[in-house]
Amino acid sequence: MSPSATTIRSLAPTVRSGYRRLWRARKSLFGADTAALIKSASIVRAEFDSKRGVTDVVEASGMVSAIDECVEMLQEGIVQGELNDRGNYVVRIDPEKNAAAKKDDRLDVEPIDPDTIGRDPSAKPEVVVTTSGKK
C-alpha cells in the first residue's frame with residue numbers, strides 16, 4: 001500500500017494482524033518459559049499502546065514495516081537455550097534456521113543480556129562450540 005493511498009483507518013486491520021503475528025511469534029520462541037512470555041507480552045502491549053495515538057500515515061506505515069521486521073527477527077533470528085543439568089545451555093535449531101545458517105557454514109550464537117545490549121556491534125563474542133557426539 002502506498003502511503004498516499006492509505007488512511008490510518010485502512011491500516012487498522014494490518015496492525016491488528018501484525019499484533020497477532022507478534023503474539024504467536026513470541027509464544028513460539030519462548031514456549032514454556034513463563035517469565036519470558038510475561039515480559040514479552042508486557043513489552044508488546046506497551047509498545048502498541050504507546051503508538052495508539054499516531055495519526056501520520058507515513059509514520060504508521062513505517063510502524064507496520066517495523067512489526068514485520070520484529071516478527072521475522074523473533075521467528076528466524078533468535079533462538080532460546082535451555083540450561084541443562086551439567087550447567088551448559090542447549091540450543092535447538094529447527095531445520096529452517098539450520099539451513100539458513102549453513103549457507104556460510106557458520107552459526108553465531110550470542111546471549112541477549114544486559115552485558116550485550118548496547119555494546120559495540122562490531123565486537124565479536126567468544127563462541128565455544130561443543131558436540132554431544134549424537135546424531
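Predicted model: local features only at pLDDT ≥ 70, side-chain atom pairs only at ≥ 80, totals over all residues.
If we set aside residues up to four places away in sequence, Val15 touches Phe48 and Val64. Val15 and Ala60 are separated by 45 residues in sequence, and their C-alpha atoms are 9.1 Å apart in space.

Those partners take us to the two helix pairs that I would like to go through. Two packed helices are described by the angle between their axes and the distance between the axes, and I will follow that order of ideas for each pair.

Take helix 1, residues 8-30, with helix 2, residues 34-50: their axes come within 10 Å and cross at roughly 165°. Angles over 145 degrees count as roughly antiparallel, and helix 1 and helix 2 are therefore roughly antiparallel to each other. Their crossing is right-handed. On the helix 1 side the contact is made by Val15, Tyr19, Leu22, Trp23, Arg26, Lys27 and Phe30, and on the helix 2 side by Ala36, Leu37, Ser40, Ala41, Val44, Arg45 and Phe48. Sorted by class, this contact has ten nonpolar, one polar and three charged residues.

Now the second pair, where helix 3 spans residues 57-77, and where the axes of helix 1 and helix 3 come within 9 Å and cross at roughly 20°. With angles under 35 degrees counted as roughly parallel, helix 1 and helix 3 are therefore roughly parallel to each other, and their crossing is left-handed. Helix 1 contributes residues including Ile8, Leu11, Val15, Leu22 and Leu29 to this contact, which they share with residues of helix 3, among them Val57, Ala60, Val64, Ile67 and Leu74. By class, the contact of helix 1 with helix 3 has 13 nonpolar, four polar and three charged residues.

Let me finish with the chain as a whole. The chain has four helices and two strands, and from the N terminus on its elements run α-α-α-β-β-α. Among contacts with a separation of 6 or more, 48% are between residues 24 or more positions apart. Of the 135 residues of the chain, 19% count as buried, while the chain exposes about 10,600 Å², of which carbon and sulfur atoms supply 55%.

Note on methods: Residues numbered from 1 in each chain as written. Heavy atoms only, no water. Axes fitted to C-alpha atoms, helices over the stretch in contact; angles between N-to-C directions. Parallel < 35°, antiparallel > 145°, perpendicular 65-115°, else oblique. Left-handed = near helix turned anticlockwise from the far one by under 90°. Contact = heavy atoms within 4.5 Å. Nonpolar A, V, L, I, M, F, W, Y, C, P; charged D, E, K, R; others polar. Buried < 20%, exposed > 50% of the residue type's maximum accessible area, 1.4 Å probe, protein only. Areas by Shrake-Rupley, 256 points an atom, 1.4 Å probe, with all protein chains shown as cover.
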